[in-house]
Amino acid sequence: GFAVVRRDGALRGMVQLQVILMSGWAGSAVLSQPFMARHGVPLAWFGVLSATIMLASAATGYTSGRVVRAIGITRALVISVIGTAGGLLLLGAVDHLGAFVGFVVTAGALSVVQPAAQAYVSDRTEAGVRATVLSLGPFGQSITIAIANTAAGVLGDASLRVAFAMLGLAI
């Protein structure tokens with residue numbers, strides 16, 4: 001699996017992009033509850049607000065195929081990177097409950113490209129190594145999420161805004 005990805009630059013880039021985008025999202029998820037608590041959101045509303053994030057993710061994931069067919073994979077990837085980083089940077093720049101939209105933008109931007117990215121990897125990999133190659137994304141995500149979540153927590157203790165900004169800049 002590693003050898004296949006190492007030899008194919010486009011395939012390697014797509015796997016790395018999946019890892020980077022998901023790591024930024026995971027780090028922001030760690031900070032979502034402290035963000036809501038900081039802005040006085042009652043605990044009863046945490047689930048409601050979190051549901052908006054997941055519904056945005058579901059909606060954009062559902063429309064992913066149409067979006068990619070309409071604008072192409074390259075443009076979809078650019079939009080995903082800009083949207084994911086932009087949502088995180090918004091959370092880092094604005095200290096207001098209204099900045100919660102940054103979570104929604106981040107989730108939506110990530111989900112619009114995730115199915116297409118997985119299909120891209122699958123389509124460019126021989127059947128004999130496909131499962132191994134497809135497992136490299138989650139493998140890399142697990143490692144980088146462990147780092148991103150730790151960094152987000154440590155930075156978030158000092159400043160939520162700095163933590164969000166750093167996640168956005170890392171993308």
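Student: How many cavities of 30 Å³ or more does a search of the whole structure find?

Tutor: The search finds one cavity of 30 Å³ or more. The model is predicted, and local features need pLDDT of at least 70, side-chain atom pairs count only at pLDDT 80 or more, and totals for chains, interfaces and linings use all residues. Residues are numbered from 1 along each chain as its sequence is written, and side-chain values use heavy atoms, with hydrogens and water left out.

Student: What counts as a cavity, and how is a volume defined?

Tutor: On a 1 Å grid over the protein atoms alone, a cavity is a set of points where a 1.4 Å probe fits but cannot get out; a pocket is an open set with protein on both sides within 12 Å along at least five of seven lines, and lining residues have an atom within 4 Å of a point. Grid points are joined across faces, edges and corners, and a volume is the space filled by probe spheres set on the points.

Student: Which residues line the largest cavity?

Tutor: The lining consists of Phe35, Arg38, His39, Leu91, Val94, Asp95, Leu160, Arg161 and Phe164, around a space of about 30 Å³. Helices H2 and H7 are the elements that give two or more residues to this lining, and H7 gives the most, with three. Here helices (H or I, at least four residues) and strands (E, at least two) are DSSP runs, numbered from the N terminus.

Student: What is the class make-up of that lining?

Tutor: It divides into five nonpolar, one polar and three charged residues. Ala, Val, Leu, Ile, Met, Phe, Trp, Tyr, Cys and Pro count as nonpolar, Asp, Glu, Lys and Arg as charged, and the others, Gly among them, as polar.

Student: At what angle do H2 and H7 cross?

Tutor: They cross at roughly 165°, and their axes come within 10 Å. Axes are lines fitted to C-alpha atoms, for helices over the stretch in contact, and angles run from 0 to 180 degrees between N-to-C directions. H2 is therefore roughly antiparallel to H7; angles under 35 degrees count as roughly parallel, over 145 as roughly antiparallel, 65 to 115 as roughly perpendicular and the rest as oblique.

Student: Which residues of H2 and H7 make the contact?

Tutor: On the H2 side they are Ile20, Gly24, Gly27, Ser28, Leu31, Pro34, Phe35 and Arg38, and on the H7 side Leu160, Ala163, Phe164, Leu167 and Ala170. Contact means heavy atoms within 4.5 Å.

Student: And H4 with H7: how far apart are the axes?

Tutor: The axes of H4 (residues 73–93) and H7 (residues 160–170) are 7 Å apart, at an angle of about 155°. H4 and H7 are therefore roughly antiparallel to each other. The contact includes Leu88 and Leu91 of H4, and Phe164 and Leu167 of H7.

Student: Are H2 and H4 roughly parallel or antiparallel?

Tutor: The angle between H2 and H4 is about 25°, with their axes 11 Å apart, and H2 is therefore roughly parallel to H4. Among the residues that meet are Phe35 in H2 and Leu91 in H4. By class, this contact has nine nonpolar, four polar and no charged residues.

Student: Changing topic, what is the volume of the largest pocket?

Tutor: The volume is about 190 Å³. Its lining includes Phe2, Arg12, Val19 and Phe139, and H2 gives the most, with four residues. That lining divides into six nonpolar, two polar and two charged residues.
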